[in-house]
Amino acid sequence: MKQTLVQDALKVVHSPQILVNIISKRVRQLGQGFRPLIAYDPKLTFMDVALKEVAEGKLSFELLDVAVLASGAPHPAKKPRKAAAAA
């Protein structure tokens with residue numbers, strides 16, 4: 001892991017805790033065979049590729065409003081499921 005990549009990624013994602021979550025999920029995806037979103041050197045590790053993707057703005061994240069989630073209101077991006085018809 002290159003420190004310059006970490007610093008560049010922290011300029012985009014200001015919270016180190018959120019950055020760790022983003023990078024760990026992306027490293028897992030790359031390990032499962034997902035394609036990188038950037039051109040990269042084969043010598044780079046999956047972590048370096050993920051950090052570079054964040055630094056270049058190819059990966060983003062969305063913080064959910066905790067108050068809305070706690071109230072039980074449906075998330076605006078999700079549609080409520082229809083109840084199954086009882087037989």
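## The largest pocket

A pocket is an open set of points on a 1 Å grid over the protein atoms alone, where a 1.4 Å probe fits and protein lies on both sides within 12 Å along at least five of seven lines. This is a predicted model: local features need pLDDT of at least 70, side-chain atom pairs count only at pLDDT 80 or more, and totals for chains, interfaces and linings use all residues. Residues are numbered from 1 along each chain as its sequence is written, and side-chain values use heavy atoms, without hydrogens or water.

The largest pocket holds about 170 Å³ of space. Its lining residues (an atom within 4 Å of a point) include Ile-18, Asn-21, Lys-25 and Phe-61.

## Helix 1 against helix 3

Helices here are DSSP runs (H or I, at least four residues), numbered from the N terminus. Helix 1 (residues 3-12) packs on helix 3 (residues 46-55) at about 40°. Their axes, lines fitted to C-alpha atoms over the stretch in contact, lie 8 Å apart.

In this contact (heavy atoms within 4.5 Å), helix 1 brings Leu-5, Val-6, Asp-8, Ala-9 and Val-12. Helix 3 answers with Asp-48, Leu-51, Lys-52, Val-54 and Ala-55.

## Helix 2 against helix 3

Helix 2 (residues 16-31) meets helix 3 at an angle of about 125°, with axes 9 Å apart.

Among the residues in touch are Leu-19, Ile-22 and Arg-26 of helix 2, and Phe-46, Met-47 and Glu-53 of helix 3.

Conventions:
Grid points are joined across faces, edges and corners, and a volume is the space filled by probe spheres set on the points. Axes are lines fitted to C-alpha atoms, for helices over the stretch in contact, and angles run from 0 to 180 degrees between N-to-C directions. Helices (H or I, at least four residues) and strands (E, at least two) are DSSP runs, numbered from the N terminus.
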